[in-house]
Amino acid sequence: MPQLSGPHFPDPDAPHGPFPQPPLGAGSLSVEYAPRPCAVREARAEVRRQLEGWGLAERGEVADVAELLVGELATNALVHAESRFRLTLFAAHGVLRCEVADQERRVPRVVEAGTGESGRGMFLVDALAQRWGWHRDGPGKTVWFELGTCGADGCGRRQP
């Protein structure tokens, strides 16, 4: 399992309230999708199903935001890589990490949301995720984002 790193993690001792976390190592899922238009819908549905199973979809907007952003990354994988993609979810210590790996070498970049019909995916990820990034992964890349799930004020929101 990849190591979570960076300066903006929610406090692991913060009160989790109605957002229980699975034990470390138990909160992970990885699914591969064929390059079909229905794969985006299937990936979004899998995110919702998994977060409901982990008890993270009952309150707040974590599941809605995760579903939206996974849909954007999956769409990017289909449109730009035109290959299979892998969705991986990790949840532990008040953080949900979502990754989408594809075979495209081009790196993601944020463009301002204009009036065009495309180009808003990474803008949304940048605006709504607590943190996000990418890394090379064999012949392709993995794009990831993190959301806070602890239920504390500001958890899951980008820190100023």
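A polar contact is taken here as a pair of N or O atoms within 3.5 Å, where, within protein, one atom must be able to donate a hydrogen and the other to accept it. In this predicted model, the side chain of Lys141 reaches the backbone oxygen of Arg106 at 3.4 Å, and the backbone oxygen of Glu104 is likewise reached by the Lys141 side chain at 3.4 Å.

Lys141 belongs to strand 5, which spans residues 140-148, and is buried, with a relative accessible area of 6%. Once neighbours within four places in sequence are set aside, the residues in contact with Lys141 include Val100, Ala101, Val107, Pro108, His135 and Arg136. The side chain of Lys141 also meets that of Asp102 in a salt bridge; because Asp102 lies in strand 3 (residues 95-102) and Lys141 in strand 5, this pair ties together parts that are 39 residues apart in sequence. Both partners, Asp102 and Lys141, are buried.

The structure holds twelve salt bridges, among them the following.

| Salt bridge | N to O distance |
|---|---|
| Glu67 and Arg48 | 2.7 Å |
| Glu99 and Arg97 | 2.9 Å |
| Asp102 and Lys141 | 3.0 Å |

The pair formed by Glu67 and Arg48 links distant parts of the chain, with Glu67 in helix 2 (residues 62-81) and Arg48 in helix 1 (residues 38-53), 19 residues apart. Glu67 is buried, its relative accessible area being 15%. In the salt bridge of Glu99 with Arg97, Glu99 counts as buried at 8% relative accessibility, and Arg97 counts as buried at 6%.

Returning to the salt bridge between Asp102 and Lys141, a further group can be set beside this pair: Arg44, Arg48, Asp64 and Glu67 are joined into one network by salt bridges that share partners.

Terms used
Residues are numbered from 1 along each chain as its sequence is written. This is a predicted model: local features need pLDDT of at least 70, side-chain atom pairs count only at pLDDT 80 or more; totals for chains, interfaces and linings use all residues. Side-chain values use heavy atoms; hydrogens and water are left out. Helices (H or I, at least four residues) and strands (E, at least two) are DSSP runs, numbered from the N terminus. Buried means under 20% relative accessible area, exposed over 50%, partly exposed in between (1.4 Å probe, protein chains only). Contact means heavy atoms within 4.5 Å. A salt bridge is a side-chain nitrogen of Lys or Arg within 4 Å of a carboxyl oxygen of Asp or Glu.
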